[in-house]
Amino acid sequence: MRKITKALLGATTALTISAALPSVSQAEQLTLCWAAWDPANALVELSKDFTAKTKIDMKFEFVPWTSYADRFLNELNSHGKLCDLIIGDSQWIGGSAENGHYVKLNEFFDKEGIKMDDFVPATVVGYSEWPKNTPNYWALPAMGDVVGWTYRKDWFEKPELQKEFEEKYGWKLDAPKTYDQLKQIAEFFQNRKVDGQTVYGASIYTERGSEGITMGVTNVLYDWGFQYDNPKKPYEMEGFVNSPDAVAGLEFYKSLYDCCTPPGSSNVYMTESADAFKSGQVAMQMNFAFTWPGLYKDEKVGGDRIGFFPNPAEKAHFAQLGGQGISVVSYSDKQEQALQYIKWFAQPDVQAKWWELGGYSCLNAVVNAPGFAASQPYAQAFLDSMAIVKDFWAEPSYAPLLQAMQKRVHNYVIAGNGTAKEALDGLVKDWTETFQDDGKI
Amino acid sequence: MTLSNSSIVDKAAEAAAKATPVPIAIRVRGLSDRAIAWLFIAPAITLLLAINIFPLLWAVYLSFTNFRANRPNAVVEGVGFRNYQRVLNDPDIWQAMQTTAHFVFWTILLQMLIGFALAYLIDRKFRGHAFWTTIVLIPMMLSPAVVGNFWRFLYEPQIGLFAYAVSFLSGIPTSQIQMLGNVSLAPWAIIIVDTWMWTPYVMLICLAGLRSIPDYIYEAAEVDRASAWRQFWSITVPMALPFIMLAVLFRGIENFKMFDMVTLLTGGGPGSVTEVASITLKREAFETWATGRSSAFAIVLFVAVFGLANIYVKALNRVKQR
Amino acid sequence: MSSVNSAHSVVEPSLTTKRIAGAIVILYALITMVPLAWIFLTSIKSPPDSISYPPKILFSPTLEGYCNLFTTRTRQTPDYIAALPAPTSTCDEVTRKRNMVIAGPSNFLPRFVNSLVIAFGSTFLAVFLGTMAAYGFSRFKVPLADDLLFFILSTRMMPPIAVAIPIFLMYRELGLSDTALGMILLYTAVNVSLAVWLLKGFIDEIPREYEEAAMIDGYTRLQAFWKVVLPQATTGIAATAIFCLIFAWNEYAFAALLTSGSAQTAPPFIPTIIGEGGQDWPAVAAGTTIFLVPILVFTILLRKQLLRGITFGAVRK
C-alpha cells in the first residue's frame, strides 16, 4: 500500500510539475486560428505552398462557427498566445482595433508594397478598416463572403411543376428576383411530394446561440428599408431601426419561418441549412456563399441539380456581408513570421490558387479577370452579391449589439412572443443603452 | 480496516483501559501540536482564500463599478448601486429566475418520487440487487456537458431515437415531437435529461436513509399488528425524511447553478424559454462583457441560494430532531 | 427474526414482493441504459447510418467514428486519391472510401491527456490538502472552526460562471489563462472544501486513542498520523477521491471559459467535433465512449467506497 502510494505520489507530482512548465516552443511554427469549415480545409492545402517557400510550419486551430466568436473573442480578451494569426470575423474589427488585439498593418503594407486598392473596395471597408472609411488597416481581406441562396434547379425544371406553378401564380418558375416571388415558390413547395419524398419550401437562418438569426433576418430587413441609424446623425436609431417598413420586414421573416420551413428548424445556421439542402429536404436554402463550392460538388444535389441566386430584392436590394480578414495577433511572439504569411497570402498567384481551391479571394485581379464569371457556376451569383453588401455594426461593442438583436429577434420570430414592433422597439432601447455605456451617445 | 501493527492495538487497548479520557498533549520530539495544526490546515485555507474568497470579494467590488473585461484600459468608475438596480429591474433576469425555478421544482419533484421509489424497491433486497444498483448509477458518472450534447442528437425530430420511440409507442408523428424546437416542450426536454442523469443520486441517499432504519422498529410494529401500508407511512417515510430532504437540498443547489447540460442541449432556446440563470449570467459576463453588471447578478444569485439554503437547513435540522 | 406465523413481515419481504421489486428495478435500469447503449452503437456506425431515418438498429459496424475522432482529413479529388500509394491502416482505407485523405492527428488525444493530467492532478492535490486540513480540524481546537467550515462549504453555492468572472481576470493578470497549472489550482480549490468536509467526518470516526497510544509509544504526531490514522481512513479517502475525480473529469464551465487551446480538456472539446456538415455524430459518440471509460472503470472498482461516501455524507450533517 505504501509503495503504491509513493509511486502514485511521485507520478502525479511529476505530471503536475510538467504541466506547470512552459512547453518547449517549436523551432519555426505559426498557429493560425479560424473557423472550422470548408474554406479552412482549403487554406490548409494552400498553406503547404507557404511552408515550402519559407520552411515555417503551419499549425491550425479551427473551431466550429457556433463557438467561433465565443472562443476566439475570449482568447483575444484574455491576451492569449494561442494564435499568431487570426482570421477574425468582419465585425470584430472595431473591438480588436480599439482594444489592441490586432497589429496595425499600414506600415507593413507600405513597406511590402501591398496596396488596398488592389482589393475589392467593399471588402477593404468591411474586413480591414477601422474606423470605417478611413485608411487604417487592421487586416488583409482574406475571405469574401456574402449571404445568398441556392435552389433545386432540377425541381424547377420539372414540366408538371412548371405548369402548375405558372397556372397558380402567373409567372414562370425560376430563381426569384424579389422576396414576394421567393415566398410564393416556398409556399408552392411546402409539404409537396417530389420524387417520392415530402419536401419543404426553404431553409433560413434561425440560430440563437451565436449570430445565426441576425445574419438571416438582416437580409430581409435591409431589403424592406431597415437602417442602423440616421445617415445624417450617427447613433440616432429611433425611426430607422423600428420604422414601419422595418417592422413589416420582420413580420415577413416570421411569416416565412412559420409557413415554409421544415419541422425542427428552430436553431438553424450554416451547417444545418446546408444539411437540409443536401438531404433533399428543401427547394431553396439561404446560406453564405462559402457553402457553394461544396454543394456544387455534392453527389446528391450538386452539378446540374443546383442553381444559385443572390439575395432577392424588395424595396431595396442588399445582402448581408460575411467574410473575414486575416490579422496578426498583437500578443503573439512571432509577429515577424506572421507578417511573412500575410505577405505571401497577398500575392496574386496565391490568391488565384485560393479561388481555385474553394476560397473566395478578394483581390481585384482575381475577381475581375475575364474568365472569372464563367470559371464556376456560382461565380456570377457571387459577383452580383458582393456588389450589394451591407454589414452589421462593427463597433467595439459589437458583441452586446449582436446579442441584443439575437435575443429580440429570436424571441419574436421563433418563440412567437410579442409583436414585431415590440421587438424592434426593444432593440432600439437595448442598442441605445449599449451606446450610452460606450460613451457614444 | 485492521492496523498493520497489532502490538499497537494491544497497547492501545491497555492504555485506553488505564488512562483517564483526557487528551494528552505529548511533546516527545518533532513539531509541537500547534505547529502541526497550522501546518496541516494552512495550505487548504490559503488555497481557498486565494481562489474562492478573494475572487468573491473582487466580484463584490466589481459589482459597484462599470468595468468591462474586454476594455481593460478604459476608465473604471464606481457606479454605486446602479448595477444592482438594473439587475433587479430587468425583466429578462426575472424571466431567467422563473425558468430556473420551474426547472428546479420539477426536477426535484420527479427525482424525489422516482429516486425514493427505486430506493424502496432496491431495499427489498432482491437477488442481484447490488449489481443492478451499480448499473443504475452509471448516468450520474457522465459529464453533464457531454450528456447535453448527446441528448441533442437523441432529441432530433428527424433522426433521433427519442422522437422515434415516442412516436412508435404513441402513434404521434415525429414531426410533432419537437422537444428542442417547440416552446412548450423544450423545458420538459431539459427536465427529462436531468432526471435521467440524477435520479440515481437521489436514490442512493434515500437508500442510505432506508438502511438506517433499524429492523426492531418494524418488528415492534409487526407485533402491534400494524399493516404494511401503515408501517410505510408512520415509520419508513418519517425516518427517511431527513435523508430525502438532504437529497432535495443537494440537488436543489446543483440545479440552481445548472449551466453545462442546458447550454449544450438547447443553448437557452428556443427564444429564452430554457435560459436558466447561469446562461443569462454567462451571456452578460462573457459575450456582452458587462463585467460590472454581471458581477452584481452573480452576487444576487449567490445571496439568493445562500439565503434559501440557510432557511432550508434550519428546517431540516428541526425535522432531524423529531 | 420474523415471526413464523405472520403472513407478511416488512422486515423480510416475501418472495413475490422481491420478484416484483426486482423486475421493476431491472426494467428501469435497462431503460436508462438505452441512451448509453445508443451512444456506443452510434460510435460504430458510419456517418450516413448514424443520421438515417428511422434510426438503424441493424447496420454494418465500422471504425469510421473512431478514425474520424483521432484524425483531421481533407477532401481530395478521386484522381488524386487513386494516385496515392496503398493505404497503410484501416483508418486510411476507411477515409479514402469517402474521397478524403488523412491530413494529420486531431486534437482529441492532447485534450484527453489534458483531462487526465488536470483531473488526476487536482484530485490528488485536493485529497492531500483535504486530508491534512481535515485531520487538523478534527484533532485540534481551531478558532472559529465551525463558521470557517460552513463558509468554506457555502462557496460551493456560487454558480461556476459567477466564480469564473473574477478568476478570468485574475488568471489574465497572472498569465495562468489556458494553463494546466491554472486549471489544477482551480479544481483543487473547488474540491478541497468538499474534501475537508467529508474527510473530517471520516477522521472524526477514528478513535483518538489509537494515535495517542502510538504517541505514548514514542511516535511523533506526524508519524502517528502517517502510520496510524491514514491507513484507517483509506475508505474515506477513496470515497473523497472519487467525488473529486468525477467533478474534475466532467467539468465544463471553467474549462470552456478559461482554456482555449493548450489546456483545454475533453468536455469542451467533444461537442465541437464536426464533420463536413453538422456534427460528426459517430466521432462525437466515439469520443464520448472513450471519455466515459476511465470514470466507469474507477467507479466500478471503487463502488463500495463511493456508496460509503455518498451515504456517509448523508448520514452526518
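How many helices and strands does the secondary structure of chain C come to? Chain C comes to 16 helices and two strands, where helices (H or I, at least four residues) and strands (E, at least two) are DSSP runs, numbered from the N terminus.

This is a predicted model, in which local features need pLDDT of at least 70 and side-chain atom pairs count only at pLDDT 80 or more, whereas totals for chains, interfaces and linings use all residues. Residues are numbered from 1 along each chain as its sequence is written, chains are lettered from A, and ligands are numbered from 1 in the order in which they are written.

**First selection: chain C**

Along the principal axes, the C-alpha atoms of chain C fill a box of roughly 85 × 70 × 40 Å. Of its 317 residues, 52% count as buried. A residue is buried if 20 or more other C-beta atoms lie within 10 Å of its own, exposed if 12 or fewer, and partly exposed in between, with C-beta atoms placed from the backbone.

Next, colour the two domains of chain C: domain 1 (44-106) and domain 2 (109-266 + 279-315). Such bounds come from an automatic or database domain assignment. The C-alpha centres of these two domains of chain C lie 40 Å apart. Twelve residues of domain 1 of chain C are in contact with eight residues of domain 2 of chain C; two residues are in contact if their C-beta atoms, placed from the backbone, lie within 7 Å. On the side of domain 1 of chain C that touches domain 2 of chain C, helix 2 (47-50) and helix 3 (64-70) of chain C each supply at least two residues. Helix 3 of chain C gives the most to that side, with six residues.

The contact takes 102 residues from chain C and 90 residues from chain B. Which helix of chain C gives the most to the side that touches chain B? Helix 1 (residues 15-43) of chain C does, with 16 residues. The residues on that side of chain C divide into 71 nonpolar, 23 polar and eight charged. Here Ala, Val, Leu, Ile, Met, Phe, Trp, Tyr, Cys and Pro count as nonpolar, Asp, Glu, Lys and Arg as charged, and the others, Gly among them, as polar.

Now select helix 4 (residues 91-122) and helix 10 (residues 228-256) of chain B, which pack at an angle of about 145°, with their axes 10 Å apart. Axes are lines fitted to C-alpha atoms, for helices over the stretch in contact, and angles run from 0 to 180 degrees between N-to-C directions. The residues making this contact include F103(B), I108(B) and M112(B) of helix 4 of chain B, and I244(B), V248(B) and R251(B) of helix 10 of chain B. By class, the contact of helix 4 with helix 10 of chain B has nine nonpolar, six polar and one charged residues.

Chain A is divided into domain 1 (26-144 + 323-385) and domain 2 (147-320 + 397-438). The C-alpha centres of these domains of chain A lie 28 Å apart. The contact takes 19 residues from domain 1 of chain A and 19 residues from domain 2 of chain A.

Zoom in on G126(A), which lies in helix 6 (residues 121-128) of chain A. Is G126(A) buried or exposed? G126(A) is buried, with 29 other C-beta atoms within 10 Å. Not counting residues up to four places away in sequence, G126(A) touches S90(A), L321(A), G323(A), V389(A) and D391(A). G126(A) and M386(A) are 260 residues apart in sequence and 11 Å apart in space, C-alpha to C-alpha.

Finally, show chain A with chain C: 26 residues of chain A are in contact with 22 residues of chain C. By class, the side of chain A that touches chain C has nine nonpolar, ten polar and seven charged residues.
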